[in-house]
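Before reading on, please take a moment to look over the sequence and the model. The paragraphs that follow begin with the salt bridges and then widen the view.

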Number of protein chains: 2
Amino acid sequence: MDTRAAIVDAARKSFAARGYDKTSMRGVAREAGVDPALVHHYFDGKAALFAETMAVPVNPAELIERVLEGGTERLGWRLVETFLTVWEPPERREALVALVRSAMTSEEAARMLREFLGREVFGRLASAAGAEDAQLRGALAASQMIGVVIARYVVRVPGLTDASRGELVERLGPVLQGYLVDGPVRPE
Amino acid sequence: MDTRAAIVDAARKSFAARGYDKTSMRGVAREAGVDPALVHHYFDGKAALFAETMAVPVNPAELIERVLEGGTERLGWRLVETFLTVWEPPERREALVALVRSAMTSEEAARMLREFLGREVFGRLASAAGAEDAQLRGALAASQMIGVVIARYVVRVPGLTDASRGELVERLGPVLQGYLVDGPVRPE
């Protein structure tokens with residue numbers, strides 16, 4: 001096994017045994033028997049390492065950074081556009097569907113996904129929105145994005161499978177913007 | 001096996017082999033070796049029979065009817081309230097989580113759920129909204145509801161697990177109303 005593979009292997013074991021939050025780059029280095037600098041050489045942070053162990057061919061933390069750079073204006077639309085673009089290539093989608101499936105059926109995988117999403121994705125998104133109910137806002141955004149990929153790619157609900165990405169951005173953008181940035185719409 | 005159990009057993013086999021759409025009350029009666037009138041005596045339609053085979057302790061078609069009786073005004077809020085109420089009792093939730101899990105991992109279960117939701121739930125909801133893009137509207141509503149129960153009860157995303165039902169109705173109500181009844185919000 002080469003060094004990089006040994007690191008990924010040690011990371012996979014650590015995420016599974018300790019969860020996302022309690023895994024550290026340093027701990028992974030120790031378990032792989034390599035210098036911590038090497039882990040940092042191969043992987044740009046814990047999120048990148050996690051994405052690698054999950055066979056997710058994107059670094060979600062990096063994507064979120066890029067989405068957030070544009071500020072809160074039209075954040076919802078940009079988020080949907082980026083998210084759906086990530087899911088589009090069939091070979092990547094297969095890996096992502098497998099990840100979602102495992103989170104549905106294994107408590108261990110659910111915990112990893114939960115901690116990872118909370119720290120790297122929705123936490124950042126919600127704190128960018130800066131509201132006091134940031135956690136709920138982030139979670140609502142999460143629920144819509146989880147739901148749309150499950151309905152579109154796993155359960156394959158007609159209407160969603162054949163909608164274009166542009167159509168979905170138009171419908172979902174304002175909803176995500178509402179969850180993350182604007183206040184809840186109060187019934188009259 | 002008593003007659004009722006024989007009917008449920010034949011129905012389960014038929015839904016699995018033929019899917020939801022191609023299963024009929026008459027066909028189930030034939031396979032169970034009973035008079036069709038008996039099937040109708042025990043089950044108020046195919047949706048009720050399906051719910052029984054899935055160990056879902058509610059009849060979704062009946063609930064949707066009740067939600068729709070109030071007309072389109074505040075339909076989104078009523079739908080969320082009803083839906084979350086159905087998921088609340090822990091013993092019922094267990095059966096529903098099992099159903100969602102199986103749809104995530106078995107193409108056969110996904111197909112049944114897809115056909116069932118399309119015909120009995122979202123089709124009715126969307127055609128009540130009466131728009132030409134009814135199928136997409138229904139599917140978007142479905143995606144948010146699927147996402148919220150997965151995030152709340154399966155992946156257990158913090159923020160959603162501890163939100164009260166009232167809080168979720170307030171946040172999700174206007175979104176469902178937007179998907180089903182009001183037009184898509186156009187970005188300025």
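In this predicted model, the rule finds two salt bridges across the interface of chain A and chain B. One of them joins B:Arg171 to A:Asp133, whose closest N and O atoms are 2.4 Å apart.

On the side of chain A that touches chain B, at least two residues each come from helix H7 (90-105), helix H8 (107-129), helix H9 (134-154) and helix H10 (165-180) of chain A. The most is given by H9(A), which supplies 13 residues to that side. By residue class, the side of chain A that touches chain B is made up of 27 nonpolar, six polar and twelve charged residues.

Taken as a whole, the interface brings 45 residues of chain A into contact with 45 residues of chain B. The two chains bury about 4,100 Å² between them, and 65% of this area lies on carbon and sulfur atoms. Within chain A, the residues that lose the most area to chain B are A:Met104, A:Val155 and A:Arg171, which together account for 18% of what that side buries.

A helix of chain B can be looked at by itself. The buried residues of H6(B) are B:Leu75, B:Gly76, B:Trp77, B:Leu79, B:Val80, B:Leu84, B:Val86 and B:Trp87.

Terms used: Residues are numbered from 1 along each chain as its sequence is written. Chains are lettered from A and ligands numbered from 1 in the order in which they are written. This is a predicted model: local features need pLDDT of at least 70, side-chain atom pairs count only at pLDDT 80 or more; totals for chains, interfaces and linings use all residues. Side-chain values use heavy atoms; hydrogens and water are left out. Contact means heavy atoms within 4.5 Å. Buried area is the accessible area (1.4 Å probe) that two parts lose on being put together, summed over both. A salt bridge is a side-chain nitrogen of Lys or Arg within 4 Å of a carboxyl oxygen of Asp or Glu. Helices (H or I, at least four residues) and strands (E, at least two) are DSSP runs, numbered from the N terminus. Ala, Val, Leu, Ile, Met, Phe, Trp, Tyr, Cys and Pro count as nonpolar, Asp, Glu, Lys and Arg as charged, and the others, Gly among them, as polar. Buried means under 20% relative accessible area, exposed over 50%, partly exposed in between (1.4 Å probe, protein chains only).
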